[in-house]
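Visitor: I'm new to this one, so please walk me through it. I'd like to hear how you know each thing you tell me.

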Amino acid sequence: MRVFWTLLKREVSSAFLTPMAWVLLFFLLLLTGFNFYAGVSSLNHGPTEVTVVESFFNTVFFWFSFLLLFPLLTMRLFSEEYRTGTIELLMTAPVRDSQVVFAKFSGALVLYSALWLPTGLYFLIFWWQTHLQAAGAMGAYLGTYGLLFLMGMFYLSLGCLCSSLTRHQISAAVMTFCLVALFFFTGLLTFLSGQVGTLMKGIAVTFSPIDQMTQFSRGLYDTRAVVWYLVMTALCLFLTFQSLQARRWRG
Amino acid sequence: MITVQGLTKSYGTADAIRDLSFSVDQGEVVGFLGPNGAGKSTTMKILSGYLPADSGEVRIAGFDIFSDSLKARSRIGYLPENVPLYPEMRVGEYLAYRASLKGVRSRRIREKVEDAVQLCGLRNVQKQLVGTLSKGYRQRVGLADALVNEPDILILDEPTIGLDPNQIREVRALIKGLASRHTILLSSHILSEVEATCSRILIINKGRIVATGTPTELRQRTSVPLSRTIRLEILTESSSAALRELNSLPYISKATTLTESEGWVTYEISPRGEDPRLLLYEEAVRRGWKLRELSTREVPLEEIFSSFVPASPDQSATELQSLGNQPGAMS
């Protein structure tokens, strides 16, 4: 456990010691800030059915920055260590491979959470200025940020897997982006063809992040989504572990 | 401390090492010597637990490096070739991180890092970013990392490669200083280095051990014809007469003229049996030769090395030659 904390501390601090985390934080807040402004100003156009939280987490600005985060957050995790050779130091220290995988994943998750945390300030500011709740109930906040965290877990673990496969950060980033996009846009496939059955449609809607977000940001939790993300994260981390072990054998 | 039995490892179809067996006892400093590509690094990567072997067994302080890997690894300090480090960390920070990773207790980390910093002469760069260090300091940080948890065994892959002569001398002195507390296995393709630091030498070529022993033993075992030659420089009226007389002496198998200038003649003499220098001195006195030099020349390790490792086409003669001319050879 102590080894895990040591590894985690290094992962997180190295992100903040390099400009990477700060650059990401700056541009993410710039985009989401604009997004928040647009959401609030839309209230001026008349009565609306959706709350500020719902509209904030369902715009192109939000989803676009969300999708772009994953390749950027995960591409260096293993690839960088392979390229500089520090992986050799890491894997000859008395540390289990599983600890390395879990610490790197957790480090990325901490960073990811730290990037989204400041967005909570928007809703605080909204409340402070208007004395109105930005969401219908506390459950909506919990649902929104909970889903954000769950989706983050899955997509970050996909990124971990891609990074563990190559020593080139750019290759890892491209692979991650493609895989994340694949899972993300399956929900949209239903729009492409009118002939898909209701079962397929049901599956697509259940696992479409956009539909999930619509549900969760109203405070409606779907356990199928929760289980899906947890299981897929575990699977990706297991595959990452396997890939790291295979790398030893290849030499 | 280290026992290696029948170790074999291949990359694809190319064998890196074949059926390697050797052992290193506690307190020994063993040099792993071989031309580039002989399998030194592969062996060290297997010993340090980074690569699994195809077959064979490695025991580190009694623990199998494969099945009991964590216990074995915690007893090793490993310095990989080219010393990979995290450039964004500060030296002190990095060493503390490594100490913690290697299981040093939290309240002892500061003290251990201090010791390693002191030992490796890193005091004045302790707060510097690793990425800004010179090659020599990087090497020392790597060494400090290897010994920060005071492991029983140090495995150092080419510890002085890429350093300037002064740095080489410093790192060698450092390694010698460590020898009293650690068992050390170091690899090198530089003979003078191994001779300067090691008590025993393993010569490896094309993945096999071709010779092992102390530098003296290797000299005795070599197929280089004479292990010792004598130089004699005298002032004489007739160099050819002196040469004839030398060749007629019973304890000399062969004498040849090396140089001749202003009456001073230098002969190279191959003795028969024991060291004949005293007899030669008496002979010179008897014949009235004025004597300026009478010395023996040890066969350099370079020649011994080439006798064990024939130069292959891909390993050019110039490289072997340069082995002897490495800076710091006199230290």
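Visitor: How do you know what share of the contacts in chain B with a separation of 6 or more comes from residues 24 or more positions apart?

Guide: First, bear in mind that this is a predicted model. A contact here means C-beta atoms within 7 Å. In chain B, 65% of the contacts with a separation of 6 or more join residues 24 or more positions apart. For chain A, the corresponding figure is 78%.

Visitor: How much of each chain counts as buried?

Guide: A residue needs 20 or more other C-beta atoms within 10 Å of its own to be called buried. By that test, 37% of the 251 residues of chain A are buried, and 40% of the 331 residues in chain B.

Visitor: Why is helix H1 of chain B said to be largely enclosed by the rest of the structure?

Guide: H1(B) covers residues 40-47, and seven of those eight residues are buried, so the helix is largely enclosed. The buried ones are B:Lys40, B:Thr42, B:Thr43, B:Met44, B:Lys45, B:Ile46 and B:Leu47. Just after this helix, B:Gly49 takes a positive phi of about 90°.

Visitor: What makes a set of residues a nonpolar core, and which residues have the most contacts inside the largest one?

Guide: The members must be buried nonpolar residues joined through C-beta atoms within 7 Å. The largest core has 131 residues, and those with the most contacts inside it include A:Ala108, A:Leu156, B:Tyr94 and B:Ile155. Helix H9 of chain A, residues 138-165, gives the most to this core, with 14 residues. Beyond its neighbours within four places in sequence, A:Ala108 is in contact with A:Leu73, A:Thr74, A:Leu77, A:Leu156 and A:Cys160. A second, separate core has 12 residues, among them B:Ala242 and B:Trp289.

Visitor: How do you know how helices H4 and H10 of chain A are placed against each other?

Guide: The axes of H4(A), residues 60-74, and H10(A), residues 169-185, come within 9 Å and cross at roughly 145°. The crossing is right-handed. H4(A) brings A:Leu67, A:Phe70, A:Pro71 and A:Thr74 to the contact, while the H10(A) side includes A:Ala173, A:Phe177 and A:Phe184.

Visitor: What makes up that contact, by residue type?

Guide: Eight of its residues are nonpolar, two are polar and none is charged.

Visitor: How many residues are in contact between chain A and chain B, and which helix of chain B gives the most?

Guide: On chain B, 21 residues are in contact with 19 residues of chain A. Helices H2 (69-73) and H3 (91-101) of chain B each supply at least two residues of that side, and H3(B) gives the most, with three. The chain B side divides into 12 nonpolar, six polar and three charged residues.

Note on methods: Residues are numbered from 1 along each chain as its sequence is written. Chains are lettered from A and ligands numbered from 1 in the order in which they are written. This is a predicted model: local features need pLDDT of at least 70, side-chain atom pairs count only at pLDDT 80 or more; totals for chains, interfaces and linings use all residues. Axes are lines fitted to C-alpha atoms, for helices over the stretch in contact, and angles run from 0 to 180 degrees between N-to-C directions. Helices (H or I, at least four residues) and strands (E, at least two) are DSSP runs, numbered from the N terminus. A crossing is left-handed if the near helix is turned anticlockwise from the far one by less than a right angle, and right-handed if clockwise. Two residues are in contact if their C-beta atoms, placed from the backbone, lie within 7 Å. Ala, Val, Leu, Ile, Met, Phe, Trp, Tyr, Cys and Pro count as nonpolar, Asp, Glu, Lys and Arg as charged, and the others, Gly among them, as polar.
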